Structure formats: structure tokens, C-alpha cells
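Good morning, colleagues. Please look at the structure on the screen while I take you through its fold and its ligand site.

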Amino acid sequence: MFKISFAIIPRTIGHGPIRLRRLSIADVAPFTRRFEKPPISEGRHPALLSYLLTWYWFKKNYPLAYCILLHGNIVGFIGVSAFVPKETGEISLVIFDEEMRHKGIGTTAFKLLKEDIRRRRLLKTLYAMVKQGNRSGMKFWKKMGFINPGQYREQAARKDRYPPSPRKQCPGTGETIRLVLRL
Ligand SMILES: CC(C)(COP(=O)(O)OP(=O)(O)OC[C@H]1O[C@@H](n2cnc3c(N)ncnc32)[C@H](O)[C@@H]1OP(=O)(O)O)[C@@H](O)C(=O)NCCC(=O)NCCS
């Protein structure tokens, strides 16, 4: 299995008020509180085991995982899961507090990570999975340049460089739309 060496993942990305900092084990506690559904629910295991399992979960599922910092304070999370090296990955992005949303933070965070992925040639294609009805999510990813599978297929007909007929929806759910961005 491919593992991204820590040496090639920068500890921080960006220099302005909005920066990305690589997720560390110390972030597990604040993150677990911030996520609506924590990956490892508290109470099922002793606290320390729960903590370590959550950290393991993040490491296993998100080869790229960053806290989004605004003036040094954590305001969100951005990461890439389903990582197929040099090929595809699935982006996740959340700004935790509603009052911090729609202020341009998500845009800056995404652009920082995208540029880093491009520079390091880690991936060729990014996917974003958006639940049907998540209008702000859909509008956001489209503004970031993602296209939906319908448009993707149309472009595939015109340009050979696009792969043919990607699936329209996530398997099983029928409720999630996969958007695509070529890097
Ligand atoms: C989606 C999300 C990550 C966007 O981050 P953000 O920092 O709020 O986004 P930005 O301020 O950079 O907005 C960029 C664009 O996204 C769209 N957008 C963001 N929030 C929106 C909202 N509440 N309603 C409609 N459009 C919205 C707009 O097109 C906006 O451009 P504009 O300001 O010119 O109108 C954030 O709102 C969030 O965490 N939402 C909950 C989790 C989620 O849905 N994640 C995506 C899963 S697919």
C-alpha cells in the first residue's frame, strides 16, 4: 500500500491569515468535539483507546489532513481520502462554525491545498461528494471549478483527455453526487 511520507507533506501551507496546518495527534480532542458524528464515538471504549482509535482513523482515511487556521485558531478541516497515488482522491472540507462560513475561508483553504497537490503532482483528479440538497456545498464546489458527471460526460465526448462515463452517483446511496476536478 502506498504511504505518503511525512517528509513530503508540508507541516504548514500558506503564509497569510488563513493557513493549513498538518493534523497532529493533539488535534484529535478538539476535532472529535467539532465533528457532528465523531468517527469513533465516545463511551464505547476507554478514553485513551478512543483517542488513539480516532487518531488511527484519521491517519488511515486521510493521507492528507489539515486544520484550517484563521489567525492561528482552528476554524475547519480539509483533507483528501480515498487516495490513489498520482491518480484520484476525494476532498473533504468543513468550516466548523456557521458564522465563519461564507467569508472566503473555504475558498482560500481549498486553493492552498489544490496548489500544493498540483506542485507535488500527488493527484490528477479530485472528487467532491455532495449530498443532494446541500446547495451551499454544491455552489461552493462548482465555484471551485468542479463539474458534475453530466457535464463531465459531455466534455468527454468533445475532449479525449477526459475518461469516459464516470458513475453519476455514489454506489448504494442514490443521494450523493460526485463532482470532478482535473488538476
Ligand atoms: C461549503 C463550505 C466548505 C464553503 O466554505 P466557505 O468558507 O463558507 O465558502 P466561501 O466563503 O469561500 O464561499 C465561496 C462560494 O461558495 C458558495 N457558498 C458558500 N457558502 C454558501 C451559502 N451558505 N449559500 C450559498 N452559496 C454559498 C458561494 O458561491 C460563495 O461565493 P460568493 O461568496 O461569491 O457567493 C462551508 O460552507 C461548510 O463548511 N459547509 C458545511 C460543510 C459542507 O457542506 N462541506 C462541503 C461538503 S460537500
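Predicted model: local features only at pLDDT ≥ 70, side-chain atom pairs only at ≥ 80, totals over all residues.

In what order do the elements of the protein run from the N terminus on? The order is β-β-α-α-β-β-β-α-β-α-α-β. The protein comprises seven strands and five helices. Of its 183 residues, 22% are buried. If we take contacts between residues at least 6 apart in sequence, 54% of them link residues at least 24 apart.

Strand E1, residues 12-13, pairs with strand E2, residues 18-22, in the antiparallel sense, and two bridges connect them. Within this pairing, Ile13 faces Leu20 of E2. The two strands make a hairpin, with four residues between them. Gly14, in the turn, has a positive phi of about 100°. E2 is also joined to strand E3, residues 64-70, by five bridges, and these two strands run antiparallel. Here Ile18 has Leu70 in E3 as its bridge partner.

I come now to the ligand. How many residues surround the ligand, and which are the closest? There are 18, and the closest are Arg101, Gly106, Thr107, Ser136 and Phe140. At least two residues of the shell come from each of strand E5 (88-95), helix H3 (105-120), strand E6 (125-131) and helix H4 (135-143). Which element gives the most to this shell? That is H4, with five residues.

Thank you for your attention.

Methods:
Residues numbered from 1 in each chain as written. Near = placed C-beta within 6 Å. Pairing = 2+ DSSP bridges. Buried ≥ 20, exposed ≤ 12 C-beta atoms within 10 Å, placed from the backbone. Contact = placed C-beta atoms within 7 Å.
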